[in-house]
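Trainee: I would like a close look at one part of this protein. Please start with the whole chain, then zoom in.

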Amino acid sequence: MKKILTNEERIANNKAIAESYYHAYDKKAVKDGAVYDTWKYAPHAEYWSPYFGNNMIDLQENPISVEDSATMEALSYSVEFDDWKPIDFESFPGIEGVAWKTHFGATRKIDGVFMDFFAYSFIRTNEYGEITHWETHVNSNYNDFLDVAIGEHGPYDDADKYMAAVMKKLKSAGIDLAALMHADRKI
């Protein structure tokens with residue numbers, strides 16, 4: 001039986017969710033397969049972003065796990081930017097979930113030009129501390145960054161098109177996609 005968290009436990013859990021995300025990227029470990037270690041998902045947790053298809057995605061039904069998609073994304077960015085990571089991070093935990101702002105930045109390998117963008121995430125959790133809804137939003141600088149990182153940008157009308165561009169970048173860099181897949185799927 002699952003434990004229902006107190007309000008104080010929910011706030012601490014939601015803060016840990018945001019910090020887990022930040023620390024994985026700050027260590028530049030996501031591209032190497034690190035996962036957001038405190039994240040627990042409710043059955044049929046949803047993901048939504050207006051940039052990545054503007055459709056609700058059932059994370060349990062999606063063929064690519066959150067862990068695999070995050071690893072592929074971060075690794076594809078590292079092909080053109082070896083120092084991509086958060087340069088600033090701020091989170092706002094509450095009882096019902098957490099919001100955070102991440103300022104990502106990196107230097108282009110080819111010419112040393114610094115590029116950055118902001119990403120905003122919102123997570124809703126249930127009384128057990130499980131994620132029920134996750135969404136992300138990005139500012140317009142993300143378009144310029146993606147043009148360099150993966151060779152194209154959105155907004156995409158389908159999240160699969162973004163992942164196809166990520167996979168194409170990885171394949172062109174000689175990276176074996178099968179070797180990136182996590183043995184365990186959290187949802």
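This is a predicted model: local features need pLDDT of at least 70, side-chain atom pairs count only at pLDDT 80 or more; totals for chains, interfaces and linings use all residues.

Mentor: The protein chain exposes about 9,200 Å². Carbon and sulfur atoms supply 52% of that area. Inside, 44% of the 187 residues count as buried.

Now the layout. The chain has 4 helices and 6 strands. From the N terminus on, they run α-β-β-α-β-β-β-β-α-α. The radius of gyration is 16 Å, close to the 16 Å that the globule rule gives for 187 residues, so the chain is as compact as a globular protein of that length. Its C-alpha atoms fill a box of roughly 50 × 30 × 30 Å along the principal axes. Take contacts between residues at least 6 apart in sequence: 61% of them join residues at least 24 apart.

Next, zoom in on helix 2. This helix covers residues 66-80, which makes 15 residues. From first C-alpha to last, helix 2 reaches 22 Å. That is close to the 21 Å expected at 1.5 Å a residue.

Here, buried means under 20% relative accessible area. By that cut-off, 12 of the 15 residues of helix 2 are buried, so the helix is largely enclosed by the rest of the structure. Among the buried ones are V66, A70, M72, L75 and Y77. E67, D68 and E73 are buried too.

What covers them? The cover includes helix 1 (7-26), helix 3 (141-149) and helix 4 (159-172). Strand 1 (41-48) and strand 6 (131-138) also take part in covering the buried residues of helix 2.

Note on methods. Residues are numbered from 1 along each chain as its sequence is written. Side-chain values use heavy atoms; hydrogens and water are left out. Helices (H or I, at least four residues) and strands (E, at least two) are DSSP runs, numbered from the N terminus. The expected span of a helix is 1.5 Å times one less than its number of residues. Buried means under 20% relative accessible area, exposed over 50%, partly exposed in between (1.4 Å probe, protein chains only). Contact means heavy atoms within 4.5 Å. The radius of gyration is taken over C-alpha atoms; the globule rule is 2.2 Å times the number of residues to the power 0.38. Accessible areas come from the Shrake-Rupley method with a 1.4 Å probe; for residues, only the protein chains shown count as cover.
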